[in-house]
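Keep the sequence and the structure side by side.

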Amino acid sequence: LARLMRKEAVVGHNASWLFRSAPYLIFAATWVAASLVPTSSVRRRMKPPNGAPHVAVAGVGVEGDVLWFATRRTSGKARNLATNPRVALVWQGNAAETYLWGDAEVLDDAATRERIWTSGVLPYDPAQFFGAWDNPLLVLVRVTPTRATAMVAGEGGLERRRWSAGG
């Protein structure tokens, strides 16, 4: 597995940025969005009896400047976000390891559910998990990034690139 992770992708020189990034985003968001965890204060308050923080897989889609994922109203994700809407995501792709922090909002209005459901934003067919967009247990989570750090291999070694919503 380690050997496979070191291999580079083969992509045409004239491929668009969308073509280059979409597979990574889909793979990485699904694979490592498992690191969707409530941030520090929630980790302390919401630890299960064994003391481990809550970690959950989420198939995350990107729409403009926000990320989306769907879950059930009764899920651990929804319960944790009701207590503290701050999230942390981590994924690997595009030759970087990216850490993103943001604020999550759980939405359950019909117009938003139908729009996201039919827009193709989610990187999977949500009907396979939730049935129909009007399922009363379905909620959508919109994550607005507040900051991010990407660890990228540069000429001088590992470089840390930072982004913040405030500038």
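Is Glu-105 buried, partly exposed or exposed? Glu-105 counts as partly exposed, at 37% relative accessibility. The cut-offs are these: buried means under 20% relative accessible area, exposed means over 50%, and partly exposed lies in between (1.4 Å probe, protein chains only).

The model is predicted, so local features need pLDDT of at least 70 and side-chain atom pairs count only at pLDDT 80 or more, while totals for chains, interfaces and linings use all residues. Residues are numbered from 1 along each chain as its sequence is written, and side-chain values use heavy atoms, with hydrogens and water left out.

Start with the charges. Side chains of opposite charge can pair when their charged atoms come close. A salt bridge here is a side-chain nitrogen of Lys or Arg within 4 Å of a carboxyl oxygen of Asp or Glu. The count by this rule is four salt bridges.

One of them joins Arg-142 and Glu-105, at 2.5 Å from N to O. Arg-142 belongs to strand 6 (residues 138–154) and Glu-105 to strand 5, so the pair ties together parts that are 37 residues apart in sequence. Helices (H or I, at least four residues) and strands (E, at least two) are DSSP runs, numbered from the N terminus. Arg-142 is partly exposed, at 26%.

Another salt bridge pairs Asp-108 with Arg-73, with 3.0 Å between the closest N and O atoms. This pair also links distant parts of the chain, 35 residues apart. Asp-108 sits in the loop between strand 5 (96–107) and helix 5 (110–119). Arg-73 sits in the loop between strand 3 (66–72) and helix 4 (76–83). Asp-108 is partly exposed at 39%, and Arg-73 is partly exposed at 35%.

Arg-161 and Glu-159 form a salt bridge too, their closest N and O atoms 3.2 Å apart. Arg-161 has a relative accessible area of 47%; for Glu-159 the value is 31%. Both values count as partly exposed.

Thr-149 is buried, with a relative accessible area of 11%. Contact means heavy atoms within 4.5 Å. Neighbours within four places in sequence aside, Thr-149 touches Glu-97, Thr-98, Tyr-99, Trp-101, Arg-160, Arg-161 and Arg-162.

Now turn to helix 5. Its buried residues include Thr-112, Arg-113, Ile-116 and Trp-117. These lie on the same side of helix 5, because they cover an arc of only 125 degrees around the axis. That arc is taken from the directions from the helix axis to the C-beta atoms. The buried residues of helix 5 pack against strand 2 (61–63), strand 3, strand 5, helix 6 (127–130) and strand 6. The face turned away from the buried side carries exposed Ala-111 and Thr-118. Gly-120 follows helix 5, with a positive phi near 80 degrees.

Last comes the interior. A nonpolar core is a set of buried Ala, Val, Leu, Ile, Met, Phe, Trp, Tyr and Cys residues joined through side-chain atoms within 4.5 Å. The largest has 12 residues, among them Leu-67, Phe-69, Leu-81, Trp-91, Leu-100 and Val-141. Strand 3, strand 4 (86–93), strand 5 and strand 6 each supply at least two of its residues. Strand 4 gives the largest share, three residues. Apart from this core lies another, of 11 residues, including Val-66, Ile-116, Leu-122 and Phe-130.
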